[in-house]
Amino acid sequence: MSRTNRLRGALASLAVVVAAGCASFDGRSLTPGKSTRAEVEATMGRPAEVLAKPNGDTRLYFSRLPFGREIYVATIGGDGVLRGIERTLTRKNIASIKEGMQAAEVRERLGPPYRSVYMKLIDRDVWEYPWRIIEDRRILWVQFSRDGVVQEIIEMHDFESDPPSGPPGTKD
């Protein structure tokens, strides 16, 4: 086999491995009602957060933040079998966050934030979630009072993630 053919073979193998890794990014190769928790973790990696529910279910959060701009939650039944996988950072979930909600409810709905910062001047904790609508990169900030109650929600286009603009060769 020539060196060129070996190189092509190696590149093709690498492409298959990369494609397989991407397929597991969102867990689409897993089957609700069949896949086990061990299979979910082997496919999607170590969860960023685990939440045990009173009904016996366990919610596993797989964060792809900040650059993937997605969080997936896999719900595992008390029997250890996958019930389903969902993206948490969706328009519907974000629109459901309202002033007066408790931090625990926000965290269960959206998953762990990318960053949490205490803002001393306004005496609030702020959770940051980079997310996206197709290719529109968005940013969500949820502000909490010290007792863990949502005080303000700010959601907008993430201008900091935009590529530089202007004529070629110019700098800011």
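## Basis of the description

Because the model is predicted, local features are described where pLDDT is at least 70 and side-chain atom pairs count only at pLDDT 80 or more, while totals for chains, interfaces and linings use all residues. Residues are numbered from 1 along each chain as its sequence is written, and side-chain values use heavy atoms, with hydrogens and water left out.

## Overall build

The chain has four helices and eight strands, where helices (H or I, at least four residues) and strands (E, at least two) are DSSP runs numbered from the N terminus. Read from the N terminus, the elements follow the order α-α-β-β-β-β-α-α-β-β-β-β.

Of the 172 residues of the chain, 35% count as buried; buried means under 20% relative accessible area, exposed means over 50%, and partly exposed lies in between, with a 1.4 Å probe and protein chains only. Contact here means heavy atoms within 4.5 Å, and among contacts between residues at least 6 apart in sequence, 35% join residues at least 24 apart. The accessible surface of the chain comes to about 10,900 Å², of which 54% belongs to carbon and sulfur atoms; such areas come from the Shrake-Rupley method with a 1.4 Å probe, and for residues only the protein chains shown count as cover.

## The largest pocket

Rolling a probe the size of a water molecule over the atoms shows where empty space is left. The search uses a 1 Å grid over the protein atoms alone, and a pocket is an open set of points where a 1.4 Å probe fits, with protein on both sides within 12 Å along at least five of seven lines; lining residues have an atom within 4 Å of a point. The largest pocket has a volume of about 300 Å³, the volume being the space filled by probe spheres set on the points, which are joined across faces, edges and corners. Of the 16 residues that line this largest pocket, R69, E128, I139, D158 and E160 are the closest to its centre. Strands β6, β7 and β8 are the elements that give two or more residues to the lining, and β7 gives the most, with three residues.

R69 sits in the loop between β2 and β3 (71-76) and is buried, with a relative accessible area of 8%. Leaving aside residues up to four places away in sequence, R69 touches several residues, including R137, R138 and D158; R69 and R132, which are 63 residues apart in sequence, have C-alpha atoms 6.1 Å apart in space. E128 belongs to strand β6 (residues 124-133) and is buried at a relative accessible area of 13%; beyond four places in sequence, its contacts include I139, L140 and W141.

## Charged pairs

Side chains of opposite charge can pair when their charged atoms come close. A salt bridge is a side-chain nitrogen of Lys or Arg within 4 Å of a carboxyl oxygen of Asp or Glu, and a search of the whole structure finds 16 of them. In one of these, R28 pairs with D26, the closest N and O atoms being 3.1 Å apart; R28 is exposed, with a relative accessible area of 62%, whereas D26 is buried at 17%.

Another salt bridge joins the side chains of R83 and D57 at 3.0 Å, N to O. This pair links distant parts of the chain, 26 residues apart, since R83 is in strand β4 (residues 82-87) and D57 is in the loop between β1 (49-52) and β2 (58-63). The side chains of R137 and D162 also meet in a salt bridge, at 3.9 Å from N to O. R137 lies in strand β7 (residues 136-144) and D162 in the segment after β8, so the pair ties together parts that are 25 residues apart in sequence. R137 counts as partly exposed at 29% relative accessibility, and D162 counts as partly exposed at 31%. Elsewhere, salt bridges that share partners join E70, R87 and R132 into one network.

## A nonpolar surface patch

V117, M119, L121 and I122 make a nonpolar surface patch of about 410 Å². Patches are made of residues with over 30% relative accessible area and no salt bridge, like charges being joined within 9 Å and nonpolar side chains (Val, Leu, Ile, Met, Phe, Trp, Tyr) within 5 Å. V117 lies in strand β5 (residues 115-119) and counts as partly exposed, at 37% relative accessibility.
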